[in-house]
Amino acid sequence: MEHEIVFLDRESVGADVRKAKFPHNYTEYQSTWTPEDIVERLKDASIAIINKVPMREEVLKQLPKLKLIAVAATGTDVVDKAYCKANGITVVNIRGYAFNTVPEHVIALMFALRRNLLAYIEDTRNGRWAEVDQFCFFDHPIRDIAGSTMGVVGYGAIGKAVAKRAECLGMKILPYDVFPQDGLVDLETVLKESDVITLHCPLTPETANMIGEKELKMMKPTSILINTARGGLVDEAALAEALKAGTIAGAGFDVLTTEPPKDGNILLDLKMPNFIVTPHVAWASREAMQILADQLMDNIDAFVAGNPQNVVE
């Protein structure tokens, strides 16, 4: 059998994607947005490669030839997995590729916010340094990392990798997870005692808006919140108000509820040096993307060989 492989959003993976090891035809599109385009481009496909293209029931039921959805990411919330399971479509994802890139992004955001780097850079560019009489100025608080406490919400592989780096910096770790394991604390403890809170949870109905107005008010006014996991874990309107009111000291986000934010986003309206937003690139070091691309094709080869790996139920 010669498989038809179609990659719907190739521009989302900045790495070399090798050829599959079995007879196939391969087609790639830089991006695909509408349900009509998805159906048209996958109508003859047995294997679909996606990153963030939504694969919902109304689309999937029009694709009777589709046997495999290979997700070029860890998160699979864009796929209707219940429909796939009921209709014999296998879903596979990428695992264990972001063990350096996401933790390093978290640590970078933490340092920038705890030391108020953006505020000092902006002030210096605007001439503030030339106005003072001393050799430096202290307009924004600077806080040490060493001796502070990090709360890790979602203590899986990435959460543990972040915690390991934070411990090397002299931080105390407060881990929280819904899956029982040694050393966990409850979420309320994380919120009340942490100087830095970093989120590493999947987006599910249970975790949607898990950090809202109530939770933000439980945090220290000197604490910062970092989200490199999924948009939707945090109530964005509540976060904007908390930053304006000084309820928390700052936030660093790599994700938004809707990506890309074609219609704007309340967080993007914030012009505050204590809020940093990056365009969902925490995962995207060159090294990590190549690991992802290699594993993506390994997953497809394994499925066709009859030994599927990284299957998502």
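These legends describe close-up views of a predicted model. Residues are numbered from 1 along each chain as its sequence is written, and side-chain values use heavy atoms, without hydrogens and water. Local features need pLDDT of at least 70 and side-chain atom pairs count only at pLDDT 80 or more, while totals for chains, interfaces and linings use all residues.

**View 1. The five-stranded open sheet has the order β2-β1-β3-β4-β5.** Its pairing is parallel; two strands pair if DSSP finds at least two bridges between them. Strands (E, at least two residues) and helices (H or I, at least four) are DSSP runs, numbered from the N terminus. β2 (24-28) and β5 (90-92) are the edge strands, each pairing on one side only. On average, neighbouring strands of this sheet are turned by 15° against each other, direction ignored.

**View 2. β4 and β5 pair in the parallel sense, with helix α11 lying across both.** Three bridges join β4 (residues 68-71) to β5, and Ile69 stands opposite Val91 of β5. Helix α11 (residues 286-304) also lies across β1 (3-7) and β3 (47-50), and runs at about 160° to β4. Axes are lines fitted to C-alpha atoms, for helices over the stretch in contact, and angles run from 0 to 180 degrees between N-to-C directions.

**View 3. Helices α4 and α7 cross at roughly 50°.** The axes of α4 (residues 101-114) and α7 (residues 157-168) come within 9 Å. The two helices are therefore oblique to each other, the class left after roughly parallel (under 35 degrees), roughly antiparallel (over 145) and roughly perpendicular (65 to 115). Val102, Pro103, Glu104, Val106 and Ile107 of α4 make the contact with Ile158, Ala161, Val162, Arg165 and Ala166 of α7; contact means heavy atoms within 4.5 Å.

**View 4. The six-stranded open sheet has the order β7-β6-β8-β9-β10-β11.** Its pairing is parallel. β7 (172-176) and β11 (275-277) each have a single partner strand, so one side of each is left without a neighbour in the sheet. Neighbouring strands here are turned by 15° against each other on average, direction ignored. β10 (residues 250-253) pairs with β11 over three bridges, and Gly252 has Ile276 in β11 as its bridge partner. α4 packs on this sheet, touching β6 (149-153), β8 (196-199), β9 (224-227), β10 and β11. The direction of α4 makes about 155° with that of β9.
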